Amino acid sequence: MPSWWITALAGKCHVTTHNAQARARNIQERIGENLPGERSGSAWRLHFPATAITQSGEYKSFRATVPKRRIDLEYKRKEYTFKIYDYGPKSVTSPIIFFPPVSGTADVFFRQIVSLTTEGFRCIAIDYPITWSVEEFVGVTLTLFRQFRFTKIHLVGASLGAFLVQKIAEQTKRERLVQSLTIINGFTDTSAFKSAPSALVVQMMPGFMLKRMLLLNLPEDPQHSAVADSIDFVVEQLETLTQRELASRLTLNIKPSYVDPGSIIEQNMKVMVVDVRDKCALSNEVRLEMLKYYPNARLAYFKHGGNFPYLAMASEMDMFLKVHLQEFYGTNISPSADEQLNARFREYNSSSNLSDGFASPKNQTEETVHISTSANNGHAKQVAGGEPSKTPSDDNKPALCSAKATTKQIYDDFGQPVLSKHKHIVDDDETF
């Protein structure tokens, strides 16, 4: 094996988490000891031990139960291929659609798919087709949505996926296809990555160099165990991507483009921004810029989560999603087919002067609520906005839809588990 291959592989292993570092120490010696692998053309792919998440019964059950579909379609006389997970009641025409980060596949959302579909939600996670511009990607993706004949959609995107879901919402302003956005560690302008090579250079680089570019953004210091496992899993998924797939994703990530927030705000779209308090690949300036773009968005914070909070803190992520989407339950654009859930919220929405799943201005609240999920403090604490007053509709407020997918609940001041209607949500779990 050429020495520059060994150097690249050693560099790759150096930037993984402490779990991966232990597996990959002294890579030169391990190659000399015939580390299991296979040759593909002129490249050599090493077989590292499976990660903790890959070996878990949860992931094995997911792969055995949920098929990954391949969909070929034509757009402007070109052929494109999607690979998707589509799970949950097909009667739901307003599903939740997940867009992965640049280094991940649709598998990174398997925990949300497993959890939410048990409560009647229809979830779709996609692997990106090979495209070379944001406009091309949006056009191809909308063609896919038309084939499914979706009424409305609820989009969840992480990193690159967060940027792309904003562009889809921006381009569908006229038909108002997108009803809600969940933006996880997102950005609004690709100039945030101006230090990266140009798109033309990226398209010419070999696959191992593209992977190393991505892996260099991962933390080198020891991480919270759940965060470390999430990084290991994403690194493993990254190994499955081809050079063209990686080059396509990185091109979308660095080619000059930006989001016009006005077109999204004008649609009165429900937006939730998910951020973490520990380190992630995005700078503080980029994260603050996101908050400036959406001043009225719900804010969901994780104390721990890193670059992939939907993997590291899956139950909390599921809870935040259900809180965010509660205003659509009981409407014709509900992402869930659970009749009991929809009936409860239909009755509550009717008593609260809600129409089509949206709160009227007089019912919307600007209060900030700190939600503590620690075992010693299970009630929501109000930290701004004064003492809440009890209204007649509070007695009829529906309970949290299910405790199957999460061990944490939100409680109101009267001791009843509810889905919070407040804008700012903070996960402050101290029990690690």
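Reply: Happy to. Let's start with helix H16 (residues 314-324): 11 of its 11 residues are buried, so H16 is largely enclosed by the rest of the structure. Buried here means under 20% relative accessible area, with exposed over 50% and partly exposed in between (1.4 Å probe, protein chains only). Helices (H or I, at least four residues) and strands (E, at least two) are DSSP runs, numbered from the N terminus. The model is predicted, so local features need pLDDT of at least 70 and side-chain atom pairs count only at pLDDT 80 or more, while totals for chains, interfaces and linings use all residues. Residues are numbered from 1 along each chain as its sequence is written, and side-chain values use heavy atoms, leaving out hydrogens and water.

Lys322 forms a salt bridge with Glu119, their closest N and O atoms being 3.3 Å apart. This pair links distant parts of the chain, 203 residues apart: Lys322 lies in H16, and Glu119 in the loop between H6 and E6. Both partners, Glu119 and Lys322, are buried. A salt bridge is a side-chain nitrogen of Lys or Arg within 4 Å of a carboxyl oxygen of Asp or Glu, and by this rule the count comes to 13.

The loop between helix H6 (110-117) and strand E6 (123-127) also holds Arg122, which is 36 residues from Asp86 in strand E4 (residues 78-87). Asp86 and Arg122 meet through their side chains in a salt bridge of 2.9 Å, N to O, and both are buried.
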